[in-house]
Every structure is written in C-alpha cells, then in structure tokens.
Amino acid sequence: MQNRFSIPLLLAVLFAWLGASPVARAQWETKQINGRDYICVDGMKKFYGFDSIKRSGNQLLLDKVVMAKNPRTGKVEKQGVLMKLQIGSQECLMNGVKFVFSYKVEDNGGRVWMSRIDLTKLVDPVLRPNYIADAGNFKTVIIDAGHGGKDPGATNGLGTEAGYNLDVATRLKKILSDPKVGYKVVMTRESDRYLTLQERVQLANRVGENAIFISIHHNSGGSAARGLETFTLSPIGVAHYGRGLNASDFQMRTGNSHDSGNVALATAVHGSLLTLLKEPKTEKSYTLDRGIKRARFSVLTGVKHPAILVECGFMTHPYEARLIHNEAYRNTVAKGIAAAVMKYSKAVSKGSAANP
C-alpha cells in the first residue's frame, strides 16, 4: 500500500479533517456474528466522511482526502487518510500504521463487518482523537524504565534490557523536561534499582494531576523475532494478546477508564517511531512494524492515567541487538517518543463524542 504522506502526519491530518467539520450521525447497521456485536463497515463512509469505500477481493480500502498543515514545512497541503482492512484478518492499516484488532473483520451476506468493540475502542479514538474528553490538558509525563536491580530483563552479550530501558528513559526525560518543551517528568526509577510492578503503579498513581504513563521495554523471543510493538490495556471483554478469553477479562480495571486515550497515545508513539527509525537516504526501515496490540500487563491495568507499554526492539535478534546497543538508535527512540507526546497532546483537545 502506498502512503499518501509520512506517518507523523496521521494524527495531525485526522485532527484537521475531523476538527474542521463535525461528522454526521449514522444509523449503524448491526448484527450478531459468532455471538458478538458487529457493525457494517458501509456506515463508516457517512459517519467519518470517507470519500470512498472500495473492495478488491478480501481487501477493503476506505479513502479520504483532506487539506492539512504539514508540520515539517508549515504549508497546507492536499493529504489523505487511507484505511485498509483485510477480511478474515485482525490486522488493520491506517496510513501505514498497523493495528491488531480484537476480532477478525468478517464477510457476512456479501458485506463487510467490523466488531463493535474494535470500532468503538480502537478505530473511533484514532479517527476522532479530539473527541476524547478525558485525555487532554496534561503537563506531566510518567516514564517507567522497565526492570532493574535484581531483574535485568532480557539479556544478550552486549547488555541488559534494564540498562537500555533506563538509558532511553533518561534521554526522554531530558527532552521533555527542557524548559522550551515544558513537561514535568516523573521517573519510576532513575538508577539500576528493583521495583515491583505494584510499586510502579503506586508511584504513578500518586501523581494527582492529569498525566500520561509510558513504560519502556526491549523485547525478547526467538532469534528471528524482530520489530516494534506498542501495547495498550485490553478493553473489558477482550483477551490479552495471544491467548483466549477468561473470566477475569470481563472485570473493569483502573486503566479501562482511559481506553480511548490509551490507543490514541499508542498511535502517536508507534507511528512516530516507525517514521524516525528509517535510513535518511533510502527511507528503508531499520525495524519492522509488529503493530499496536492489546494486553493485560500489570502496569497497564493498574495505572489511572492514559498508559502504554512500548517494546523498542528485540534483544534476541542479532541485528536488532546491535541496533539497540547503538547510542544513536536509543537517542532516536527517545526523540520519537518525545515528538509523539507533543502530537498526542495537540490531538486530544476537548470535545464531545457521539459514539458509534
């Protein structure tokens, strides 16, 4: 799929598109498929103002052209939003950013259907970030460097995850706390010390004012596994990524109060990192996009602020291990997250939503 413009513009363009003219209400056509509520994708054209919906085999493209300011040039340009759905798949691309749905997109009666929970808890917050009423007006960023002390996290012959996490977190703090940027930064740890997951949650929740929470990690897996992953808390009734539903998945968690803010923050961070982690001349990516996913990690379930966990590469992949060990890579990751925080802050201005 050819992108209309670079990934960092995604939230900026969506904000311009949806902020400039209110979206129309739609009469959503719904039905039960496999015991779950689904919504016909045809209704998205009117509700979100897409110019066209085109189907080719098992692929569905939703397209919208808008006029928006390019943050890099300052010029107002013709740009676009392109959403790609694959029938029978849980993967969705929005301007090149991969999202992993909770349930597959279905063909039923010759028409395409998306689960209601994916539309309301993932697609809608991304397409209408300015409608998230409880996400804006924050000036505090809580940075959680995962692992530490007696818990080194993933390890290889070059270093430890705990060390790399702290290095990226420290670089991120320096950028965000610069007086020209103006954020207050709270670190869960600033040295190689051990904190339980509950201690991290308690520390974050002692921040009384509006804030966001970013947990920084580096992944592990087989030697072939590589790429970026960003996690948000699974909504109520959605399983932890990679496993089936269990009874506890239907319990309301503290973090579920910010389901919409969580996914909008994840979109900004994930897209920003994908864009910056490219070779300057060839635009070839240094990494792979493993997508924005849902999980029930303790730091996501318990924190009362919009929260994400970002995996900045695989310690166990030969190439990515060397990348992570490179100071320039870690500095770029910190810059990417910092830029995303500022874009997210702009995108989630107050508004009132009429949910699908």
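This is a predicted model: local features need pLDDT of at least 70, side-chain atom pairs count only at pLDDT 80 or more; totals for chains, interfaces and linings use all residues.

Biologist: Take L85, then. Which residues does L85 touch, leaving out those up to four places away in sequence?

Modeller: With those neighbours left out, L85 touches V41, N58, Q59, L60, L62, C92, F101, V105 and M114.

Biologist: Now to charges. What is the general idea of a salt bridge, and how many does the structure hold?

Modeller: Side chains of opposite charge can pair when their charged atoms come close. This structure holds 18 salt bridges. One of them joins the side chains of K98 and E91, at 3.9 Å from N to O. For this pair, K98 counts as buried at 18% relative accessibility, while E91 is partly exposed at 40%.

Biologist: Which residue forms a salt bridge with R243, and is that partner buried or exposed?

Modeller: R243 pairs with D249, and their closest N and O atoms are 3.0 Å apart. D249 is buried, with 0% relative accessibility, whereas R243 is partly exposed at 35%. D249 also meets R296 in a salt bridge, at 2.8 Å from N to O. R296 sits in the loop between β14 (289–295) and α7 (298–302) and D249 in the loop between β13 (228–233) and α6 (259–276), so this pair ties together parts that are 47 residues apart in sequence. R296 is buried as well, at 12% relative accessibility.

Biologist: Which residues are linked in a network of salt bridges?

Modeller: D167, R171, E327 and R330 are linked in such a network.

Biologist: You mentioned α7. What does the side chain of T301 reach?

Modeller: T301 lies in helix α7, and its side chain reaches the backbone oxygen of S298 at 3.0 Å. T301 is buried, with a relative accessible area of 12%. Not counting residues up to four places away in sequence, T301 touches L233, R253, T254, G255 and R296.

Biologist: How should I read a helix in general, and how many residues of α6 are buried?

Modeller: An α-helix has 3.6 residues a turn, so residues three or four places apart point the same way. In α6, 16 of the 18 residues are buried, so α6 is largely enclosed by the rest of the structure. Its length can be checked too: at 1.5 Å a residue α6 should span 26 Å, and its end C-alpha atoms are 26 Å apart, which agrees.

Biologist: And which residues of α9 are buried?

Modeller: The buried residues of α9 are Y329, R330, V333, A334, G336, I337, A338, A340, V341, Y344 and A347. Helix α9 covers residues 327–347, and its 21 residues reach 30 Å from first C-alpha to last, close to the 30 Å expected. At the start of α9, a side-chain oxygen of N326 comes to within 2.7 Å of the backbone nitrogen of A328.

Biologist: Last topic, the rings. How many aromatic pairs does the structure hold, and how are the rings of F138 and Y183 arranged?

Modeller: There are six aromatic pairs in the structure. The rings of F138 and Y183 have centres 5.8 Å apart and planes at 25°; planes under 30 degrees apart count as stacked, so this pair is stacked. The pair links distant parts of the chain, with F138 in the loop between α3 (116–127) and β10 (140–145) and Y183 in the loop between α4 (161–176) and β11 (184–187), 45 residues apart. F138 is buried at 3% relative accessible area, and Y183 is buried at 8%.

F231 and F297 form an edge-to-face pair, with 5.1 Å from centre to centre and 80° between the planes. This pair also links distant parts of the chain: F231 is in strand β13 and F297 in the loop between β14 and α7, 66 residues apart. F231 is buried at 6%, while F297 is partly exposed at 26%.

Technical notes. Residues are numbered from 1 along each chain as its sequence is written. Side-chain values use heavy atoms; hydrogens and water are left out. A salt bridge is a side-chain nitrogen of Lys or Arg within 4 Å of a carboxyl oxygen of Asp or Glu. Buried means under 20% relative accessible area, exposed over 50%, partly exposed in between (1.4 Å probe, protein chains only). Helices (H or I, at least four residues) and strands (E, at least two) are DSSP runs, numbered from the N terminus. The expected span of a helix is 1.5 Å times one less than its number of residues. Contact means heavy atoms within 4.5 Å. A polar contact is a pair of N or O atoms within 3.5 Å; within protein, one must be able to donate a hydrogen and the other to accept it, and residues adjacent in sequence count only if both atoms are side-chain atoms. Rings of Phe, Tyr and Trp (its six-membered ring) pair if their centres lie within 6.5 Å; planes under 30 degrees apart count as stacked, over 60 as edge-to-face and the rest as tilted.
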